[in-house]
Amino acid sequence: MTNLLEALMILCFGLSWPISIRKSWISRTAKGKSLFFEFFIWIGYVFGIARKVILWMEAGSAGTSLDWLFYLGWFFYILNIVEISIDMALYLRNVKLDKAREKA
């Protein structure tokens, strides 16, 4: 049950990133965004992935198997960290675009 709840939580978080990426791409500005905030969310996903790796290694050494929800949650962690990395890269692009507009 806990793997289902974790997978649903991370799925819900993951649904918001494509919206944020689209907004960053279309708006072409970093105004209203915080790289600091996104960085801490990114770090949180790193910790979540590290937890999955530790559980996977413990299960392997104990000779137990993990259910498909465990791997589904892992997939969503990877997907989310890729999505937030894209949004962070767009933030950096948009900062450059903002500076170029200010100079012009």
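Reader: Is Arg28 buried, partly exposed or exposed?
Author: This is a predicted model, where local features need pLDDT of at least 70, side-chain atom pairs count only at pLDDT 80 or more, and totals for chains, interfaces and linings use all residues. Residues are numbered from 1 along each chain as its sequence is written, and side-chain values use heavy atoms, with hydrogens and water left out. The cut-offs are under 20% relative accessible area for buried, over 50% for exposed, and partly exposed in between (1.4 Å probe, protein chains only). Arg28 has 38% relative accessibility, so Arg28 is partly exposed.

Reader: At what angle do the axes of helix 1 and helix 2 cross?
Author: Axes here are lines fitted to C-alpha atoms over the stretch in contact, with angles from 0 to 180 degrees between N-to-C directions. The axes of helix 1 and helix 2 (residues 35–62) come within 13 Å, and they cross at roughly 150 degrees.

Reader: Which residues does Asn3 touch, not counting those up to four places away in sequence?
Author: Asn3 lies in helix 1 (residues 2–27). Asn3 is buried, because its relative accessible area is 18%. Counting heavy atoms within 4.5 Å as contact, Asn3 touches Lys52, Asp67, Leu69 and Phe70.

Technical notes:
Helix = DSSP H or I, 4+ residues; strand = E, 2+ residues; numbered from the N terminus.
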